[in-house]
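Reader: I'd like to learn how to read the sheet, the rings and the core in a model like this. Can you walk me through them?

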Amino acid sequence: MRLIDYSYEIPYSYVGNFVFERKNDIVSFEDYQVLQSYTNACSDILKEDPNSRKACATLNNWENTSCLINIHFLINDNNLYVIANYRSQHELLGRPYDEELVKYLTTLFIKHNNFKFNSIKLKCHISDYHSK
């Protein structure tokens, strides 16, 4: 099965640590460390201006193209909206790790400035979602 332009929501839960265990994956842990620093920068942007639309972290390494393109944090009426955009995602091999990563980065975002939100909504957009 292959779906083009597929979206779904993830229920948020606190994730204190993220360990990427997939073998033969082209995304390095260093890429995720960079993304974590970008996540902290996004947190700082929204701490200064909760209405900003600039709190978007992009993972762009041309040598190792990550499935995660970017993650965008938005605050509206003290609700946090997190939108993760993927170029591709596999139902069994990628989605479980991708969901944990989004929850982990959201946790880092919240903890960095000790935010308190009424609600947290996570949404993933996938360009090419497949199960085979």
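Reader: How do S2 and strand S3 pair, and over how many bridges?

Author: Two strands count as paired if DSSP finds at least two bridges between them; strands are DSSP E runs of at least two residues and helices are H or I runs of at least four, numbered from the N terminus. Here, S2 and S3 (residues 68-76) are antiparallel over 3 bridges, and Cys 56 stands opposite His 72 in S3. This is a predicted model, where local features need pLDDT of at least 70, side-chain atom pairs count only at pLDDT 80 or more, and totals for chains, interfaces and linings use all residues. Residues are numbered from 1 along each chain as its sequence is written, and side-chain values use heavy atoms, leaving out hydrogens and water.

Reader: What is the strand order in the open sheet?

Author: The 5 strands run S1-S5-S4-S3-S2, with mixed pairing. S1 (2-10) and S2 (56-58) are at the edges with a single partner strand each, so one side of each has no neighbour in the sheet. From one strand to the next, the twist averages 15° (axes are lines fitted to C-alpha atoms, for helices over the stretch in contact, with angles from 0 to 180 degrees between N-to-C directions). Helix H2 (residues 95-112) packs on the sheet, touching S1, S3, S4 (79-90) and S5 (119-130); contact means heavy atoms within 4.5 Å.

Reader: And the rings: how many aromatic pairs are there?

Author: A ring pair is described by the distance of the centres and the angle of the planes. Rings of Phe, Tyr and Trp (its six-membered ring) pair with centres within 6.5 Å; planes under 30 degrees apart are stacked, over 60 edge-to-face, and the rest tilted. The count is 5. Among them, Tyr 6 and Tyr 8 are tilted, at 5.8 Å and 40°, while Phe 109 and Phe 115 have centres 5.4 Å apart and planes at 15°, so they are stacked. Ring pairs also link Phe 73, Phe 109, Phe 115 and Phe 117 into a cluster.

Reader: Which residues touch the most other members of the largest nonpolar core?

Author: In soluble globular proteins, nonpolar side chains tend to be buried together. A core is a set of buried Ala, Val, Leu, Ile, Met, Phe, Trp, Tyr and Cys residues joined through side-chain atoms within 4.5 Å; buried means under 20% relative accessible area, exposed over 50%, partly exposed in between (1.4 Å probe, protein chains only). Of the 30 residues here, Ile 71, Phe 73, Leu 80, Val 102, Phe 109 and Cys 124 touch the most other members. H2 gives the largest share, 7 residues.
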